[in-house]
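Welcome to a short tour of one protein model. Please take a look at it first, and then we will walk through its parts together.

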Amino acid sequence: SLIRGSHVRHSETLKGVRETLANECIPFEMVRRDQIHHLKRVDRRYQLVISVGGDGTLLDCSHYVGKAPLMGVNSDPKRSVARFSACNLATFPSLLKAYLKGSLKPSSVARLEFSINGKKSHWPVLNDLLVTALSPAATSRYVLRVGNKAEEQMSSGVWISTAAGSTAAALSAGGKMLWVLDRKFQFVVREAYHRKFGPRRLLKGVLVPGEFLEVVSQMKDGRVFVDGPNLSVPFLMGDKLKVRLARQSLKIIGLRR
């Protein structure tokens, strides 16, 4: 079956990564994806973080990595897109050697930081944020502010994406594809409702360093989803979300540009 085949390929890749690290005499510690949230002081304890899986696994890892470089190994190339992954089982040894020799340098990828009611989240955003109602079938109600312009809106939600994440959901929703290493971010409103307030104009845009995007919730039970469905924070009536480029970028090894 598809699931069994994927499991076998993932297990083989994980075994190959372990063997390669052992052959290079590199001490390592393995942590399951569902236990990543227990990691502490990653930058102090590790000089390199390797994500074995797809983009979801790498995104989960990225929330706990600051200065340490991150390398993604796609464990199932047949089924996984793995946009951020540099290699697979066959190419991992050569890529690792190139990095260890210094001939392969990490790329600096911009992330987002966000706060709600002035309290900054400890999760940096590598791909995107989704501001929406708790149920995706419900209408999202909020006030969107960019610079000195503000607009009350009803829609299916708002995508806020990094340049690296611009080829994902934001692009499908009508956003702009940005160069992966751009220090820019964008927002895209999903399926805006125009009848109540008239034509809405703040439906998409690209922001640069120093600029902020603000969203004020008019929902009893809204949510802000962080890099997919696994992480989210409540976004209740009157809450103010503020988003900007993060001060600290993520170092990704072998990123395809």
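A residue counts as buried when its relative accessible area is under 20%, as exposed when that area is over 50%, and as partly exposed in between, using a 1.4 Å probe and protein chains only. Helices (H or I, at least four residues) and strands (E, at least two residues) are DSSP runs, numbered from the N terminus. The model is predicted, so local features need a pLDDT of at least 70 and side-chain atom pairs count only at pLDDT 80 or more, while totals for chains, interfaces and linings use all residues. Residues are numbered from 1 along each chain as its sequence is written, and side-chain values use heavy atoms, with hydrogens and water left out.

## A strand on the inside

Is strand E6 enclosed or open to the outside? In E6 (residues 128–133), 6 of the 6 residues are buried, so the strand is largely enclosed by the rest of the structure.

Strands of a sheet pair through backbone hydrogen bonds, either parallel or antiparallel. Here, two strands count as paired if DSSP finds at least two bridges between them. E6 belongs to an open sheet of 6 strands, in the order E11-E10-E9-E6-E13-E14, with antiparallel pairing. The edge strands are E11 (204–207) and E14 (231–235), each of which pairs on one side only. From one strand to the next, the twist averages 15°. For such angles, axes are lines fitted to C-alpha atoms (for helices, over the stretch in contact), and the angles run from 0 to 180 degrees between N-to-C directions.

| Strand pair | Direction | Bridges |
|---|---|---|
| E6 and E9 | antiparallel | 4 bridges |
| E6 and E13 | antiparallel | 5 bridges |
| E13 and E14 | antiparallel | 5 bridges |
| E1 and E2 | parallel | 5 bridges |

We can follow individual residues across this sheet. Leu-130 stands opposite Trp-159 in E9, and Leu-130 also stands opposite Phe-225 in E13. Phe-225 in turn has Ser-232 as its bridge partner in E14.

## Nonpolar cores

A nonpolar core is a set of buried Ala, Val, Leu, Ile, Met, Phe, Trp, Tyr and Cys residues joined through side-chain atoms within 4.5 Å. The largest one has 30 residues, and Phe-114, Ile-160 and Leu-241 touch the most other members.

What does Ile-160 touch? Leaving aside residues up to four places away in sequence, its contacts (heavy atoms within 4.5 Å) include Leu-112, Leu-129, Val-131, Phe-185, Phe-187, Leu-213 and Val-243. Leu-241 is also among the residues that Ile-160 touches.

## A second sheet and its helices

Another open sheet has 4 strands in the order E1-E2-E16-E3, and its pairing is mixed. E1 and E3 (107–109) stand at the edges with a single partner strand each, so one side of each is left without a neighbour in the sheet. Direction ignored, neighbouring strands of this sheet are turned by 35° against each other on average.

Helix H3 (residues 55–62) lies across E1, E2 and E16, running at about 150° to E1. Helix H4 packs on the sheet too, touching E1, E2 and E16, and its direction makes about 170° with that of E2.

How many residues of H3 are buried? The helix is mostly covered, with 7 of its 8 residues buried; Leu-58, Leu-59 and Cys-61 are among them. The cover over these buried residues includes strands E1 (49–53), E2 (70–74) and E16 (250–253).

## Two packed helices

Two packed helices are described by the angle between their axes and the distance between the axes. Helix H1 (residues 2–23) and H4 (residues 92–101) pack at an angle of about 40°, with axes 10 Å apart. The two are therefore oblique to each other: angles under 35 degrees count as roughly parallel, over 145 as roughly antiparallel, 65 to 115 as roughly perpendicular and the rest as oblique. Val-17, Thr-20 and Leu-21 of H1 make the contact with Phe-92, Pro-93 and Leu-96 of H4.

## Two loop residues

Arg-41 lies in the loop between H1 and helix H2 (42–45). This residue has a positive phi of about 50° although it is not a glycine, and Arg-41 is exposed, with a relative accessible area of 54%. Asn-117, in the loop between strands E4 (112–116) and E5 (119–120), has a positive phi near 55° and is likewise a residue other than glycine.
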